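Open the model in your viewer and keep the selection tool at hand. The stops below cover pockets and then charged pairs.

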Amino acid sequence: MLEVRNLSVAYGKHMALQDVSIDMAEGEALVILGANGAGKSTLLKSVAGMVRPAAGASIEMLGQSLIGMPQHEVVETGIAVVPEGRGVFAALTVRENLLLGAYPRRARAQEAANLDKVLTLFPRLAERRRQTVSTMSGGEQQMVAIGRALMSSPRLLMLDEPSLGLAPVLVGELFQSLAAIRQSGVGLLIVEQNVKISLSIADRGYLLEAGRIVGQGTAETLANDPAVQNAFLGVAAHT
């Protein structure tokens with residue numbers, strides 16, 4: 001479904017990504033692991049058309065090139081993004097935020113059906129659909145952000161640090177919802193600091209270090225890799 005080849009991105013003289021290549025199948029859940037500053041967010045922004053890659057890169061969604069495509073047209077290919085920090089419209093109500101997600105052409109005919117799906121997935125939003133988002137907790141605002149993305153009828157949902165700043169109990173609820181989204185057939189591309197819980201719902205993962213892919217494997221393989229455990233899971237590697 002998504003193919004990224006030879007992706008390099010520079011911010012001035014700093015190379016954020018260097019010759020990164022990843023691929024994911026339709027409906028797959030993929031996690032990108034790496035320390036702060038490894039280039040994980042830049043990878044998502046490149047796919048979403050938010051940053052311009054260096055010459056020679058190839059990014060394709062369902063065989064369609066995304067290079068140079070405006071962000072609103074990237075959404076029309078079936079890609080939705082939940083950015084770090086959520087990016088919700090705090091002065092609007094829950095319902096108003098959600099309906100803004102149905103603006104893409106591909107989603108307008110399914111607006112009512114998608115709204116029902118989102119409110120079923122997040123019953124708390126159904127209860128608070130008229131509430132102003134600025135008065136909601138961080139976890140509830142993250143539900144709004146994910147719900148708004150789902151309103152665009154995505155084939156691929158990209159999430160940048162979805163659990164950031166959330167209490168552990170809310171993180172568990174959030175990832176249960178993401179697992180349900182994945183079971184509905186929507187692919188997930190997740191950048192997440194909580195490596196253990198993200199691997200629990202993923203099929204595969206890539207390790208990103210200093211802008212380069214340094215490893216990849218199934219979620220089970222990565223979760224049991226001593227190097228990954230030592231670097232990301234807080235488990236001392238045994239020699």
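A pocket here is an open set of points on a 1 Å grid over the protein atoms alone, where a 1.4 Å probe fits, with protein on both sides within 12 Å along at least five of seven lines; lining residues have an atom within 4 Å of a point. Points are joined across faces, edges and corners, and a volume is the space filled by probe spheres set on them. The model is predicted: local features need pLDDT of at least 70 and side-chain atom pairs count only at pLDDT 80 or more, while totals for chains, interfaces and linings use all residues. Numbering starts from 1 along each chain as its sequence is written, and side-chain values use heavy atoms, without hydrogens and water.

**Largest pocket**

Select Gln71, His72, Val75, Val81 and Pro104, the closest to the centre of the largest pocket among its 23 lining residues. The volume of this pocket is about 630 Å³. Next, colour helix H2 (71–76), strand E6 (79–82) and helix H6 (138–150), each of which supplies at least two lining residues; helices (H or I, at least four residues) and strands (E, at least two) are DSSP runs, numbered from the N terminus. H2 gives the most, with five residues.

**Second largest pocket**

Move to the second largest pocket, with about 300 Å³ of space. Its lining includes Asn114, Lys117, Val118 and Leu121. Show helix H4 (111–121) and helix H7 (168–183), which each supply at least two residues of this lining. The largest share, four residues, comes from H4.

**Salt bridges**

The whole structure has eight salt bridges, each a side-chain nitrogen of Lys or Arg within 4 Å of a carboxyl oxygen of Asp or Glu.

Select Arg204 and Glu28, whose closest N and O atoms are 2.6 Å apart. Arg204 is in strand E9 (residues 204–209) and Glu28 in the loop between strand E2 (14–24) and strand E3 (29–33), 176 residues apart. Both are buried, that is, under 20% relative accessible area, against over 50% for exposed and in between for partly exposed (1.4 Å probe, protein chains only).

Then pick Glu76 and Arg105, a salt bridge at 3.9 Å, N to O. Glu76 lies in helix H2 and Arg105 in the loop between helix H3 (94–100) and H4, so the pair ties together parts 29 residues apart in sequence. Glu76 is buried at 16%; Arg105 is exposed at 52%.

Finish at Arg182 and Asp203, which meet at 2.5 Å, N to O.
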